[in-house]
Amino acid sequence: MLNNLKHNRFWFWKALETYGIGVMFIIRQNTISFYPPRSSLLMYFDDPPFIFLMGIVGTFTIVYALWDINNLAYRSLMTGLLTFVWLLFFIVFMLWDWEQGIFIGFESMYAAFVLASIINEIVVRG
């Protein structure tokens with residue numbers, strides 16, 4: 001397992017980052033909120049169903065990083081789910097910044113860098 005962790009350390013850190021954004025949503029309740037309070041579809045992306053989705057994707061990634069599963073296209077499924085989650089939250093954070101009148105916020109920039117590193121790893125390492 002330690003050898004797999006050395007080989008797949010990139011995916012291990014991406015799993016921890018995915019868990020981290022879920023923990024941020026739990027600690028900072030209503031991270032995506034609007035003042036004055038108004039209804040928006042974006043407000044639901046920091047609710048428990050999406051936090052649970054991030055936990056599932058993070059677990060898929062941790063399993064791959066620690067055990068290096070090479071059957072049933074597990075790596076393709078894991079990278080696809082991870083890319084989907086970070087692309088989704090990049091878009092949500094960008095729309096939230098746009099509605100708040102901010103050019104680009106910390107969350108948007110962080111999600112962009114994580115997404116870019118995932119895509120780079122997929123393209124370069126295949």
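Helix H2 passes helix H5 in a left-handed crossing. Left-handed here means that the near helix is turned anticlockwise from the far one by less than a right angle. This is a predicted model, where local features need pLDDT of at least 70, side-chain atom pairs count only at pLDDT 80 or more, and totals for chains, interfaces and linings use all residues. Residues are numbered from 1 along each chain as its sequence is written, and side-chain values use heavy atoms, without hydrogens or water.

**H2 and its two partners**

Helices are DSSP runs (H or I, at least four residues), numbered from the N terminus. H2 covers residues 9-27 and H5 covers residues 106-125. H2 also passes H3 in a left-handed crossing. Axes are lines fitted to C-alpha atoms over the stretch in contact, and angles run from 0 to 180 degrees between N-to-C directions.

| Helix pair | Angle | Axes |
|---|---|---|
| H2 and H5 | about 155° | 12 Å apart |
| H2 and H3 | roughly 160° | within 8 Å |

The angle makes H2 roughly antiparallel to H5. H2 and H3 are therefore roughly antiparallel to each other as well. The cut-off for roughly antiparallel is an angle over 145 degrees.

**Who touches whom**

Contact means heavy atoms within 4.5 Å. Towards H5, H2 uses Phe10, Trp11, Lys14, Glu17 and Met24. H5 answers with Glu107, Tyr110, Val114, Ser117, Ile118, Glu121 and Ile122. These residues divide into seven nonpolar, one polar and four charged. Asp, Glu, Lys and Arg count as charged; Ala, Val, Leu, Ile, Met, Phe, Trp, Tyr, Cys and Pro as nonpolar; the others, Gly among them, as polar.

Towards H3, the H2 residues include Phe12, Ala15, Thr18, Gly22 and Phe25. Their H3 partners include Met54, Gly55, Gly58 and Ala65. The H2 and H3 contact has 13 nonpolar residues, six polar and no charged.

**Two residues of H2**

Thr18 lies in H2. Thr18 is buried, with a relative accessible area of 0%. Buried means under 20% (1.4 Å probe, protein chains only). Beyond its neighbours within four places in sequence, Thr18 contacts Met54, Gly58, Leu82 and Trp86.

**The core**

The largest nonpolar core has 23 residues. Such a core is a set of buried Ala, Val, Leu, Ile, Met, Phe, Trp, Tyr and Cys residues joined through side-chain atoms within 4.5 Å. Trp11, Phe25, Met54, Trp86, Phe89 and Phe93 have the most contacts inside it. H2, H3 (48-67), H4 (74-100) and H5 each give two or more residues to this core. H4 gives the largest share, 10 residues.

Definitions and conventions: Angles under 35 degrees count as roughly parallel, over 145 as roughly antiparallel, 65 to 115 as roughly perpendicular and the rest as oblique. Buried means under 20% relative accessible area, exposed over 50%, partly exposed in between (1.4 Å probe, protein chains only).
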